[in-house]
Amino acid sequence: MSMISGLLEYLRGDTKKTAVIAKERLQIILAHERAGRGGATPDYLPALQEELLMVIAKYIHVDRELIKVQLEKHGEYEVLELNITLPENAHNS
Amino acid sequence: MPRIIVVTSGKGGVGKTTTSASFSSGLAMRGNKTVVIDFDVGLRNLDLIMGCERRVVYDIINVINGEVSLKQALIKDKNCDNLFILPASQTRDKDALNLEGVERILNELKESFDYIVCDSPAGIESGAFTAMYFADEALVVTNPEVSSVRDSDRILGILAAKSKRAVEGQEPIKEHLLVTRYDPKRVEAGEMLSVTDIQEILRIPLIGVIPESESVLLASNSGTPAIHQEKSDVAEAYRDVVARFMGEELPMRFLTAEKAGFFKRIFGGR
């Protein structure tokens, strides 16, 4: 890392190390993949995602890529996570 | 009771063959009768790393097909008295390696060896499956890098679900995490996953950490397993791994960056 980019990063307060990012990304993807093993993922998940998409699309114009449905296991609980990133002009449509 | 150990990783290029060569040599150096088998049919390389490529006459497929005896195909290692190598076939189709044939060979080897080390090919195809199927223990070779950690997790899932021990409901395969190509300097700079990070993610016991080193290439250039290199961190790290595998309790080494000495700082060098 050059001195200038290091300084810029410091000024922006953007100091998250890549190793930390790597760990977080791995924890998320592996939780997802482990849940998928051994038939733990319910087969209704893709259909549910499709239908949710259709409902949302009726009201807001969103990019399909920006919608994510995930089922995560936290101990005994399963959490259904729906993540929708709204485009900036979503309110105008 | 003889033990079968698979050296596996999922991802290629992380150090499976390097590890198989050094680990099996280390076991033999401690007086254990050891055989190391190359399961990478079509892409054999263990012979090159062990430096016996010019002595390969027959291979594992010849034995499975009953063309030669096991004794004819085994190559005696040039460095260790107690070590033998069973090469993979370079020319045959990888499907020639069937489970029944492999089981027959393993049973025969169990009669005269203490440890049978299986060098798995990369991937999760039939070759990798055959290499791990009969294992009692697994060395899961992982680099501190996202794709390698993910693939190791995948392999752990397969060991736990598809191996003979899993299918027959026996005691599960004993898993060991081996982190290779570790660079403590980059870890301290926050540029590389730490051993603790990897352990936290994969959740299996750590058997050792092999530092990133130039000596691995030197070892493969000359066809002498890295564990034989003198004054090398890698050789010492592999000897530690073997000692821990045999039940010794040793502290982990090579986890912190070496502070450059005065001369090194003045004159550079690595």
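Author: At 39% relative accessibility, B:Arg30 counts as partly exposed: with a 1.4 Å probe and protein chains only, buried means under 20% relative accessible area, exposed over 50%, and partly exposed in between. Before we go on, please keep in mind that this is a predicted model, in which local features need pLDDT of at least 70 and side-chain atom pairs count only at pLDDT 80 or more, while totals for chains, interfaces and linings use all residues. Residues are numbered from 1 along each chain as its sequence is written, chains are lettered from A and ligands numbered from 1 in the order in which they are written, and side-chain values use heavy atoms, with hydrogens and water left out.

The partner of B:Arg30 is B:Glu248, and the two side chains meet in a salt bridge at 2.8 Å, N to O. The term stands for a side-chain nitrogen of Lys or Arg within 4 Å of a carboxyl oxygen of Asp or Glu. In chain B, B:Glu248 sits in the loop between α12 (233-245) and α13 (262-267), and B:Arg30 in the loop between α1 (16-29) and β2 (34-38), so the pair ties together parts that are 218 residues apart in sequence. Helices (H or I, at least four residues) and strands (E, at least two) are DSSP runs numbered from the N terminus. B:Glu248 is also partly exposed, with a relative accessible area of 38%.

This pair belongs to a total of 16 salt bridges over all chains. Another one joins B:Glu191 to B:Arg186, again at 2.8 Å, N to O. Here B:Glu191 is partly exposed at 43% relative accessibility, and B:Arg186 is partly exposed at 41%.

The next pair takes us back to α12. B:Asp240 forms a salt bridge with B:Arg253, with 2.9 Å between the closest N and O atoms. This pair links distant parts of the chain, as B:Asp240 is in helix α12 of chain B and B:Arg253 is in the loop between α12 and α13, 13 residues away. B:Asp240 counts as buried at 10% relative accessibility, whereas B:Arg253 is partly exposed, with a relative accessible area of 35%. Through shared partners, salt bridges join B:Glu236, B:Asp240, B:Arg244 and B:Arg253 into one network.

Leaving out residues up to four places away in sequence, B:Gly208 touches B:Leu177, B:Leu178, B:Val179, B:Val241, B:Arg244 and B:Met252, where contact means heavy atoms within 4.5 Å. B:Gly208 lies in strand β8 (residues 206-211) of chain B and is buried, with a relative accessible area of 0%. Its C-alpha atom is 5.2 Å from that of B:Leu178, 30 residues away along the chain.

Now to the place where the two chains meet. Across the interface of chain B and chain A the rule finds four salt bridges. B:Arg150 forms a salt bridge with A:Glu33, the closest N and O atoms lying 2.6 Å apart. On the side of chain B that touches chain A, α7 (146-162) and α10 (195-202) of chain B each supply at least two residues. The largest share comes from α7(B), with six residues. By type, the residues on this side are seven nonpolar, two polar and seven charged; Ala, Val, Leu, Ile, Met, Phe, Trp, Tyr, Cys and Pro count as nonpolar, Asp, Glu, Lys and Arg as charged, and the others, Gly among them, as polar.

In contact terms, 16 residues of chain B meet twelve residues of chain A. The two chains bury about 1,300 Å² between them, 54% of it on carbon and sulfur atoms. B:Arg150, B:Asp153 and B:Ile201 supply 39% of the area that chain B buries against chain A, more than any other three residues. Buried area is the accessible area (1.4 Å probe) that two parts lose on being put together, summed over both.
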